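Please walk me through this structure in plain terms. I would like to know how each chain is built and how the chains meet.

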Amino acid sequence: MARVVVDVMPKPEILDPQGKAVTGALARLGFAGISVRQGKRFELELEGEITEDRLAEVRRAAETLLANTVIETFNVRVEEPTTPDEEKQAEPAEQAEPDEQTEPDEQTELATQAG
Amino acid sequence: MGPKVGPKIGVVTFPGSLDDQDALRAIRLCGGEPIPLWHGNDNLDHVQAVILPGGFSYGDYLRCGAISRFAPVMTEVIKAADSGMPVLGICNGFQILCEAHLLPGALIRNDVRVFVCRDQDLRVESVDTTWTSGFSNGQLITLVLKSGEGGYVADEETLRRLEGEGQVIFRYVNGNPNGSYNDIAGICNERGNVVGLMPHPEHNVDSLTGPTQDGRAIFTSVCTFLAAKV
């Protein structure tokens, strides 16, 4: 199985009311200076090997159904698979990260809360 | 001799259609013979015109009308529209016609970001279609508008063409409710047989349930057109 990702975005000249709503909500939450445009991400699991022909087929699918090219643009990309070994190695690294970044004070605080 | 039977006008029911029954009723009240059609049909049951009604077909998943546009019956609707059969899309039906490329442009979420439900004033901009011949040019009418994704958008060239060729047939007046470009509420194709509009004429055919009966002319127009054809 291979994964292909199709990203769909509203064209720049088309109004994006959803993105505007999210932009407004972020500002109200104190996340200043952020402007959002909202799109869609499709994850396609393809059987067999990814060839140019298969990718061309995915682009046709995107153009036919996933995106409305009157108002949206799309981008097709292959997502590189992670092998099981890599995943195993990645897991402890991710867990270790918060510890490294956490200030000593906060660690104490967390311990207190846990107690 | 039995009573005179009006032209057969089909109404497609998709999973999630809401206003199919009202559309069927409007056809009957305005002199046509209503024919229910199912989205899974691979034929149009010998109807002489087709209406795609309002609602939330296929749950509006992906984009409004995007999945309905590929329903089996749509293959026949597209073929019939291309050969000149009158086709009307109301609200969700308009969205389906745009997704099917039977009409240009697209409908996006209202710029006001809320669902709009109101009696909407409109101006009739063209009576040169099979669905609007019963109005007078420039006539002011009021129809129910109830939609969350009724903002009509198209690129500048398409808008210029629609305006230039008289393909804008209904325009919002006394305020634009949803951010539609050029206040467009309804358009037709080049030939004038395919019409789409966001407001609901089928809800304005009876004094019991609406402030006007301005929707009637849509249905009487097509009945008159079809009766003259026979």
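Chain B has five helices and eleven strands; helices (H or I, at least four residues) and strands (E, at least two) are DSSP runs, numbered from the N terminus. The model is predicted, so local features need pLDDT of at least 70 and side-chain atom pairs count only at pLDDT 80 or more, while totals for chains, interfaces and linings use all residues. Residues are numbered from 1 along each chain as its sequence is written, and chains are lettered from A and ligands numbered from 1 in the order in which they are written.

The C-alpha trace of chain B spans about 55 × 35 × 35 Å along its principal axes.

In chain B, nine strands form an open sheet with mixed pairing, in the order 2-1-3-4-11-10-9-6-7. Two strands pair if DSSP finds at least two bridges between them. Strands of a sheet pair through backbone hydrogen bonds, either parallel or antiparallel. The edges are strand 2 (33-38) and strand 7 (140-147) of chain B, each of which pairs on one side only. From one strand to the next, the twist averages 25°.

Both senses of pairing can be found here. Strand 3 and strand 4 of chain B run parallel and are joined by three bridges, with Ile51(B) opposite Leu88(B) in strand 4 of chain B. Strand 10 (residues 184-188) and strand 11 (residues 194-197) of chain B are antiparallel, over three bridges; Gly186(B) has Leu197(B) in strand 11 of chain B as its bridge partner.

Helix 1 (residues 20-29) of chain B lies across strands 1 (8-13), 2, 3 (49-52) and 4 (87-90) of chain B, and runs at about 175° to strand 1 of chain B. Axes are lines fitted to C-alpha atoms, for helices over the stretch in contact, and angles run from 0 to 180 degrees between N-to-C directions. In a regular strand the side chains alternate between the two faces of the sheet. In strand 4 of chain B, Val87(B) and Gly89(B) point one way, Leu88(B) and Ile90(B) point the other way, and all are buried. A residue is buried if 20 or more other C-beta atoms lie within 10 Å of its own, exposed if 12 or fewer, and partly exposed in between, with C-beta atoms placed from the backbone.

The largest nonpolar core has 74 residues, and Val87(B) and Val194(B) are among those with the most contacts inside it. Such a core is a set of buried Ala, Val, Leu, Ile, Met, Phe, Trp, Tyr and Cys residues joined through C-beta atoms within 7 Å. Helix 5 (residues 216-229) of chain B gives the largest share of this core, six residues.

Buried residues make up 56% of the 230 residues in chain B, and 10% of the 115 residues of chain A count as buried. Chain A has four helices and three strands, which run β-α-β-α-β-α-α from the N terminus on.

Finally, how many residues of chain A are in contact with chain B? Nine residues of chain A are in contact with 13 of chain B, where contact means that C-beta atoms, placed from the backbone, lie within 7 Å. Helix 1 (residues 17-28) of chain A supplies the largest share of the chain A side, three residues.

Terms used: Contact = placed C-beta atoms within 7 Å.
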